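Please open the two chains in your viewer and keep the selection tool at hand. The stops below say what to select next and what is found there.

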Amino acid sequence: MDRTSVKIVVAGGFGTGKTTLVASVSEIPPLTTEEVLTEASVGVDDITGVEGKTTTTVALDFGRITISPDVVLYLFGTPGQDRFWFMWDELAQGAVGAIVLVDTRRLEASFPAVDYFERRGLPFVTAVNRFFGECAYTEEEIRGALELDPRVPLVWCDARDRESSKLALITLVRHAMTRLRVKA
Amino acid sequence: MTFETWDGDDETAAGRFVPLYVLVNGRTAPRDSSLDLATQVVSLPVDTRRLEPEYLEIVHRCANWMSVAEIGAYLRLPLTITKVMVDVLIEQGYLAVGNPAQQKIIDQHLLDAVLAGLERL
């Protein structure tokens, strides 16, 4: 049937404002869905000494934007813990692209996300969240610290502000279009 | 003297009366592997009287198109279980399925539509 879902991933380190950004543009209050993992799929988790603990719950926050009568855009925030990479794979699979939120007080928290999308070849933009106050760095310094490819867009945003979050999303879709044309 | 009697409430303090893995017959993955957490489904006008309550709840929720992730969130079911249950319902003709997100990625028209939609917000 002709009903299409489009995904955009909202990533960044713990506490960078992912759910805040999703909430500012979503037409519904962000929902949380959970994945329950068995011990085997967690893999890197050290559960020594925690006898009987066989499952871990990973929570995903997401929102939706109805684009047209037959297209809905879903915004998925990545799980807070970086070790659940297989969940990232499911989110990134077929996604238009990703927004990597950056908290300038902890630039390094966003590095794993930048690295992940680069390796995966998924279009992404970096959005420096100004929510945390005046930024002590210039764009060049942030790009340098995150080792960003010069073609990756960087936008300044306030994740609480709808217009600002919208702009980050629009920048991402435009960037994805450019990448598509280059490939074609 | 008191007796342990079932008060008719399936949701005991210890959790569900029916374990989730029983609901899905022990299946751990949907048969249709293209079922993504963003894939949307909608209920079809068919007789649902033979459905288990948990399955019926999904069918009722999907009167309008809804994604697997939303079903899981509203019914408080883990994603994997939701996927298997939705897959069973598709297979048995209770739900119709939309285009999985991952099949549409390289479509310029779709990106145009998304961009226009975002600009209208």
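Select chain A and consider its contacts, two residues being in contact if their C-beta atoms, placed from the backbone, lie within 7 Å: among contacts in chain A between residues at least 6 apart in sequence, 72% join residues at least 24 apart. The model is predicted, with local features needing pLDDT of at least 70, side-chain atom pairs counting only at pLDDT 80 or more, and totals for chains, interfaces and linings using all residues. Residues are numbered from 1 along each chain as its sequence is written, while chains are lettered from A and ligands numbered from 1 in the order in which they are written.

Of the 184 residues of chain A, 43% count as buried, a residue being buried if 20 or more other C-beta atoms lie within 10 Å of its own, exposed if 12 or fewer, and partly exposed in between, with C-beta atoms placed from the backbone.

Next, select strand S5 of chain A, residues 97-102, which is mostly covered, with six of its six residues buried. In a regular strand the side chains alternate between the two faces of the sheet. Gly97(A), Ile99(A) and Leu101(A) point one way from S5(A), whereas Ala98(A), Val100(A) and Val102(A) point the other way.

Strand S1 of chain A, residues 4-12, pairs with S5(A) in the parallel sense over five bridges, and Ile8(A) has Gly97(A) as its bridge partner in S5(A). S5(A) is also joined by five bridges to strand S6 of chain A, residues 124-129, and these two run parallel; here the bridge partner of Val102(A) in S6(A) is Val128(A).

Which residues have the most contacts inside the largest nonpolar core? A nonpolar core is a set of buried Ala, Val, Leu, Ile, Met, Phe, Trp, Tyr and Cys residues joined through C-beta atoms within 7 Å; the largest has 77 residues, and those with the most contacts inside it are Ile8(A), Val10(A), Ala98(A), Ile99(A) and Val100(A). The element that gives the most to this core is H4(B), with seven residues. Centre the view on Val10(A): leaving aside its neighbours within four places in sequence, Val10(A) is in contact with residues including Lys18(A), Leu21(A), Leu75(A), Phe76(A) and Ile99(A).

Move to helix H4 of chain B, residues 79-91, whose 13 residues reach 18 Å from the first C-alpha to the last, close to the 18 Å expected at 1.5 Å a residue, the expected span being 1.5 Å times one less than the number of residues. Because 11 of the 13 residues of H4(B) are buried, this helix is largely enclosed by the rest of the structure. Just after H4(B), Gly93(B) takes a positive phi of about 80 degrees.

Within H4(B), pick Val84(B), which is buried, with 24 other C-beta atoms within 10 Å. Leaving aside neighbours within four places in sequence, Val84(B) is in contact with Val24(B), Arg27(B) and Pro30(B). The C-alpha atoms of Val84(B) and Thr28(B) are separated by 7.1 Å, although these residues are 56 apart along the chain.

For the sheet of chain B, select its three strands, which form an open sheet in the order S2-S1-S3 with antiparallel pairing. S2(B), residues 66-67, and S3(B) are the edge strands, each pairing on one side only. Strand S1 of chain B, residues 40-43, pairs with S2(B) over two bridges, and Val41(B) has Met66(B) as its bridge partner in S2(B).

Finish where the chains meet: 33 residues of chain B are in contact with 33 residues of chain A. On the side of chain B that touches chain A, the elements giving two or more residues are helix H3 (68-75), H4, strand S3 (95-97) and helix H5 (108-120). H5(B) supplies the largest share of that side, nine residues.

Conventions: Helix = DSSP H or I, 4+ residues; strand = E, 2+ residues; numbered from the N terminus. Pairing = 2+ DSSP bridges.
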